[in-house]
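Here are my notes on this one, in numbered points. Have the model open while you read.

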Amino acid sequence: MVRIELIGHLGCPAELRSTANGSFISFSVSNNVKGENGEVLTEWYKVTLNGTRDKLLPYLRTGTMVFVRGSLSTRVYTGNDGNLHVGYNVYASEVQLCGSVRQENTAVNENDKKVESAEKENENEPKSDLPF
């Protein structure tokens, strides 16, 4: 068994899946590495987190940075293009959120847009000498 610690960004929202043996969370994580010629290569890891961790699920959205610790397995497969590819699977024993959690509140965002548009409208008005 190969142990791995990985920091990367989610490529898609996490999914809660159920089997006869229990439930698990599944998601993919991208990680950038430098290639031999200095170019940046993106590696993808398919992560499986066993157990009921429903409280973590809403925070595992596309773009979220996570730290993953677990065991690594690889598989070689032939893609649709006919080339050989290597797939990385991580069976996570620990997942932690990195950085702050973005709050997506559309009502707040709509109010911010209204304030910004009102400020732009006021920019076009001539300035007066009155202090009020």
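1. No disulfides turn up in a search of the whole structure; the test is a pair of cysteine sulfur atoms within 2.5 Å. Cys12 is partly exposed because its relative accessibility is 31%, and Cys98 gets the label at 22% (buried is under 20% relative accessible area, exposed over 50%, partly exposed in between, with a 1.4 Å probe and protein chains only).

2. Before going on: this is a predicted model, where local features need pLDDT of at least 70 and side-chain atom pairs count only at pLDDT 80 or more, while totals for chains, interfaces and linings use all residues. Numbering starts from 1 along each chain as its sequence is written, and side-chain values use heavy atoms, with hydrogens and water left out.

3. Ser28 lies in strand β3, residues 22-34 (strands are DSSP E runs of at least two residues, numbered from the N terminus). Ser28 counts as buried because its relative accessible area is 19%. Leaving aside residues up to four places away in sequence, its contacts (heavy atoms within 4.5 Å) include Cys12, Trp44 and Tyr45.

4. The largest nonpolar core has 17 residues, and Phe27, Val29 and Leu60 are among those touching the most other members (such a core is a set of buried Ala, Val, Leu, Ile, Met, Phe, Trp, Tyr and Cys residues joined through side-chain atoms within 4.5 Å). β1, β3, β4, β5 and β6 each give two or more residues to this core.

5. β5 and β6 run antiparallel, joined by 13 bridges (pairing takes at least two DSSP bridges). β4 and β6 pair in the parallel sense over five bridges.

Methods. Helix = DSSP H or I, 4+ residues; strand = E, 2+ residues; numbered from the N terminus.
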